[in-house]
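I set out to go through this complex and write down what I looked up, in the order in which I looked. The entries below follow the structure.

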Amino acid sequence: MLTFLALTSVVLLGIVPEQSQAIAIYTGWERHALVGSDIRLSCSFFSWRWTSEDVTFSWTYRPDGSRDSISIFHYTGGAAYVDNKGPFRDRLEFVGNPGRRDGSILLKNLELNDNGTFTCDAKNPPDIVGRPSSVRLLVFEKVPIQAGVITGAIIGVVLGLLVLIVVIYYLMRFLVARRVFSLSVSKHGKKKKEGSQQRQIKV
Amino acid sequence: MLLILLGVLILHVIILILLIVSTAASAWSVADNSGKDLWYKCSTNNGGYHCQPSSNEDWIQAVQALMILSVLFCFFSLIAFLYQLFRLVKGGRFFFTAIFQILASVFVMCGAIIYTVMCPDDGTHPNFGYAYVLAWVAFPLCLISGLIYIVLRKKE
């Protein structure tokens, strides 16, 4: 009886995780870049199995407004194959580390036509069931101002100046009260007409 | 004396409310079925009421900042007024209150002017909405209120 239970539990533990866990692929959600710059699109995955030697990464590209994807990168059998005929020929470089589950690529010299969705698909045999993950690339001619940056800056500067002026005002009043300086008008609202026995040092 | 004080206080509160409504309502420009600026662009198409955030251009952000600052300064001047009401010496003037109120009016003026000059022209020829009008109404009221505070003296 005990042996039967032990065997069942071992078999269940062996089978059930394989069916319920899948490979999980992580890329960014959206990336912004300037025309002419380089950008690194990262892709990594999580799998319950050890990284096998037959791990594969593949990247496909779908331009904005188009419904067709084109394959631009494939890593398999320990070798990386980059795009040599498509829109990214001579502009694509593999900068990932498959041993560390990193399948990132580097796109160089971006153009405005490179706007689109990049999909990364990774497989870690025998863990091959998983959903590919996509990252959207937005290429700008100049960096757009984020909402609220200028607003916050203006408000911060004005309030900071206000605080500074109040602090200086109270500091001057404190210094006058301590007789470090003497002014012709010293307290709020009252005008003191000094006799001319002491020299007034005007600050 | 009490009547004057009450009147000035009510005027101040009205100005504060006008400024808050003008800043918060996104109705600086209205076209047929849509209102936009400072914060949202909302339009009623046949599908329903759709809103999206206003464009992030620098001048819209400057107008947002100036309107928020004017609300803040009007609020500070209200607090300064209440404080100085009880703590000022006899015969003193409400200087802090006046300074904050005048600064608030300057900020509203700058914000309204910037919006007028840089108003976006999409080709739909929008008209100016009620929030814009409220901003221009609040500016002279705020200035007058600030000048009243300069003239006002605390008697007892």
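I began with the record: UniProt, in an unreviewed entry, places a "transmembrane region" at residues 145–171 of chain A. I then checked that span in the model, which is predicted. Residues 145–171 of chain A come out as 85% helix and 0% strand. I get 39 Å between the C-alpha atoms at the two ends of this span.

For "transmembrane region", the unreviewed entry lists residues 62–83, 95–118 and 130–152 of chain B. I looked at two of these spans in detail. Residues 62–83 of chain B are 100% helix and 0% strand, with 31 Å between the end C-alpha atoms. Residues 130–152 of chain B are 96% helix and 0% strand, and here the end C-alpha atoms lie 32 Å apart.

**Confidence.** I noted the scores before turning to the interface. Chain B has a mean pLDDT of 88, and 96% of its residues are at 70 or more. For the complex, the predictor reports an ipTM of 0.81 and a pTM of 0.60.

**Interface, extent.** How many residues of chain B are in contact with chain A? I count 15 residues of chain B against 14 residues of chain A. The area buried between the two chains is about 1200 Å², and carbon and sulfur atoms give 78% of that area. B:Asn56, B:Gln61 and B:Leu69 supply 34% of what chain B buries against chain A, more than any other three residues.

**Interface, make-up.** I searched for salt bridges between chain B and chain A and the rule found 0. The search for polar contacts gave 5 residue pairs across the interface, with both residues at pLDDT 80 or more. On the chain B side, α2 (58–87) and α3 (95–118) each supply at least two of the touching residues. The largest share, 10 residues, comes from α2(B). Sorted by class, the side of chain B that touches chain A has 11 nonpolar, 3 polar and 1 charged residues.

**B:Ser26.** What does the side chain of B:Ser26 reach? It reaches the backbone nitrogen of B:Trp39, at 3.3 Å. With neighbours within four places in sequence left aside, the contacts of B:Ser26 are B:Gly35, B:Lys36, B:Asp37, B:Leu38, B:Trp39 and B:Tyr40.

**Backbone geometry, chain A.** As background, most peptide bonds are trans, and most residues other than glycine have a negative phi. The bond joining A:Pro125 and A:Pro126 is cis, with omega about 0°. A:Pro126 sits in the loop between β10 (116–123) and β11 (130–131) of chain A. A:Arg101 has a positive phi, near 65°, and is not a glycine. I placed A:Arg101 in the loop between β8 (92–94) and β9 (105–107) of chain A.

Terms used. Residues numbered from 1 in each chain as written. Chains lettered and ligands numbered in written order. Heavy atoms only, no water. Contact = heavy atoms within 4.5 Å. Buried area = accessible area lost by both parts, 1.4 Å probe. Salt bridge = Lys/Arg side-chain N within 4 Å of Asp/Glu carboxyl O. Polar contact = N/O pair within 3.5 Å; in protein donor to acceptor, adjacent residues only side chain to side chain. Helix = DSSP H or I, 4+ residues; strand = E, 2+ residues; numbered from the N terminus. Nonpolar A, V, L, I, M, F, W, Y, C, P; charged D, E, K, R; others polar. pLDDT = per-residue confidence, 0-100. UniProt positions renumbered as here; feature names shortened; annotations may be inferred.
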